Amino acid sequence: MIRLNNVSKTFGTTCSLDHVTIAFNQGDAVALMGANGAGKTTLIRLILGYYHPSSGSVRIDGRDPIKERTEILKQVSFVPQLPPPIKLNVGELIAYVCRSAQVTEAAIYQYADEMRLDIAPNRGKSFFKLSGGMKQKLLIAISLAKQSAIMIYDEPTANLDPQARDDFYRLLQHNEQNKLALFVTHRIEEVKTIVNRKIYLDLGKVVSDETC
Ligand SMILES: Nc1ncnc2c1ncn2[C@@H]1O[C@H](COP(=O)(O)OP(=O)(O)OP(=O)(O)O)[C@@H](O)[C@H]1O
Ligand SMILES: [Mg+2]
């Protein structure tokens, strides 16, 4: 589903990814690990078409994520490392997602409920003013409601309390079958029951890639 072929990405003199070749396939549930600055978020941004590779190629189902970004993002759910500075209120954000991504409000409410986030009293609140964990729960609920073939989570549990982490991993376990799920994480213990592949990056290179 996703192929990176000899991809490098440099920013000035920093080489964030260094000749990386990886294929991610349907059914893969991958923990992407590595020290701070190893290149994990850069790799994800290349997959999402946020960055142009400096060299090499990235293909999602054979397509270029930059040239065909809108089409490709329709089949991708993504929760970023830091919540984006969305100015809409919660109700407007949900309405926007439903319009643009064939998602129903009922599905978002259902997953929010499973994440123990009560949307109703927060509908009029600006997304920006939700607590860090509430933002993350809402983005997770939206990502699951979208039922995408590709699910990408960049350290999704960093702002979540322990109960919410358990809720998240339980939901993922029920939703990742026959999909491709990619988790950036520093806590392998947390994800070990939901992943079947572990990839370590170090200084922009893949240093290990093992099934488990
Ligand atoms: N937009 C950018 N401009 C300049 N440098 C960047 C940019 N994005 C990433 N980098 C650099 O690329 C390197 C890898 O960063 P990246 O965010 O991919 O690391 P990471 O593995 O996600 O780390 P963390 O665990 O801290 O999130 C770092 O040296 C970073 O400073
Ligand atoms: Mg990162």
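This is a predicted model: local features need pLDDT of at least 70, side-chain atom pairs count only at pLDDT 80 or more; totals for chains, interfaces and linings use all residues.
Local features need pLDDT of at least 70 and side-chain atom pairs count only at pLDDT 80 or more, while totals for chains, interfaces and linings use all residues; side-chain values use heavy atoms, without hydrogens and water. Residues are numbered from 1 along each chain as its sequence is written, and chains are lettered from A and ligands numbered from 1 in the order in which they are written.

A search of the whole structure gives 5 aromatic pairs (rings of Phe, Tyr and the six-membered ring of Trp, centres within 6.5 Å; planes under 30 degrees apart are stacked, over 60 edge-to-face, the rest tilted).

Select Phe11 and Tyr51. Their ring centres are 5.2 Å apart and their planes at 75°, so the pair is edge-to-face. Phe11 is in strand β1 (residues 2-11) and Tyr51 in the loop between α1 (40-47) and β4 (55-60), so the pair ties together parts 40 residues apart in sequence. Helices (H or I, at least four residues) and strands (E, at least two) are DSSP runs, numbered from the N terminus.

Stay on Phe11, which is partly exposed at 34% relative accessible area (buried is under 20%, exposed over 50%, partly exposed in between; 1.4 Å probe, protein chains only).

Next, select Tyr153 and Phe183. Tyr153 is buried, at 0%, and Phe183 is buried, at 1%.

Finish at Phe128, where the charged end of Lys135 sits over the ring, 5.5 Å from its centre.

Notes
A charge sits over a ring if NZ of Lys or CZ of Arg is within 6 Å of the ring centre and within 35 degrees of the ring normal.
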